Amino acid sequence: MESVEIREFGMRDMPLADGIVRLLGQLTSSDVGLTAGRLASIAADGASRLWLLLVDGRVAGMLAMGLYTTPTGRKAWIEDVVVDEAFRGRGFGRMLVEHAVASARGWVPVTLMLTSRPSREAANSLYRSADFGLKPTNVYRMDIENEE
């Protein structure tokens, strides 16, 4: 029987960084340049959560969530949801999403949001089945880089 655990990333999890990088490679073709320093920042940031889904101690999935408050209310934003190709189809994505929803419930009232590319059909189906609804909005993006 395999061991399945979801836990919040902390400094003790730095040896799992290679597994996180492997997952990011399955999520995006962009080189995100994940560093130990950025992982340490995530672990120390009170507004960020990074949960790892471990199967027998191996990183099999992850989900990040940012929490913040604006004049219109509390918000939580789910990002970087990915399950390793070798572990897909076993309900691990749902486990991660349900874990994030349960965590957000501890911050009520809160609006929980996420985006997903239309090409990620399985992910979009999961989000709809988990009671997320489409929000009629445009999402705009601007990358601000160092000016060196």
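How many bridges join strand 2 and strand 3, and in which sense do the two strands pair? They run antiparallel, over eight bridges, with strand 3 covering residues 58-70. Strands here are DSSP runs of E with at least two residues, helices are runs of H or I with at least four, and both are numbered from the N terminus. Two strands pair if DSSP finds at least two bridges between them.

Before going further, a bit of housekeeping. This is a predicted model, where local features need pLDDT of at least 70 and side-chain atom pairs count only at pLDDT 80 or more, while totals for chains, interfaces and linings use all residues. Residues are numbered from 1 along each chain as its sequence is written, and side-chain values use heavy atoms, with hydrogens and water left out.

Back to the strands. Look for E8 and you'll find its bridge partner, W51, in strand 2.

How enclosed is strand 2? Six of its eight residues are buried, so the rest of the structure largely encloses it. Buried means under 20% relative accessible area, exposed means over 50%, and partly exposed is in between (1.4 Å probe, protein chains only). Take L54, which lies in strand 2 (residues 48-55) and is buried, at a relative accessible area of 4%. Not counting residues up to four places away in sequence, L54 touches S3, V4, E5, R7, L16 and V59; contact means heavy atoms within 4.5 Å.

D13 sits in the loop between strand 1 (4-8) and helix 1 (17-27). Because its relative accessibility is 0%, D13 counts as buried. Leaving aside neighbours within four places in sequence, D13 is in contact with R7, E8 and L52.

On to the nonpolar cores, meaning sets of buried Ala, Val, Leu, Ile, Met, Phe, Trp, Tyr and Cys residues joined through side-chain atoms within 4.5 Å. The largest has 24 residues, and L63, M65, I78, V97, L112, Y127 and F132 touch the most other members. Strand 2, strand 3, strand 4 (73-83), helix 3 (92-105), strand 5 (111-114) and helix 4 (121-129) each supply at least two residues of this core. Helix 3 gives the most, with six. As for V97, its contacts beyond four places in sequence are L63, L126, Y127, A130 and F132. There is also a second, separate core of 15 residues, with A17, L39, L50 and V82 among them.

Finally, the rings. Rings of Phe, Tyr and Trp (its six-membered ring) pair if their centres lie within 6.5 Å; planes under 30 degrees apart count as stacked, over 60 as edge-to-face and the rest as tilted. The whole structure holds two aromatic pairs. F87 and F92 form a tilted one, 6.3 Å centre to centre with 50 degrees between the planes. Y127 and F132 form an edge-to-face pair, 6.2 Å centre to centre with 70 degrees between the planes, and both of these residues are buried. Elsewhere, the charged end of R74 sits over the ring of W107, 5.3 Å from its centre; that label needs NZ of Lys or CZ of Arg within 6 Å of the ring centre and within 35 degrees of the ring normal.
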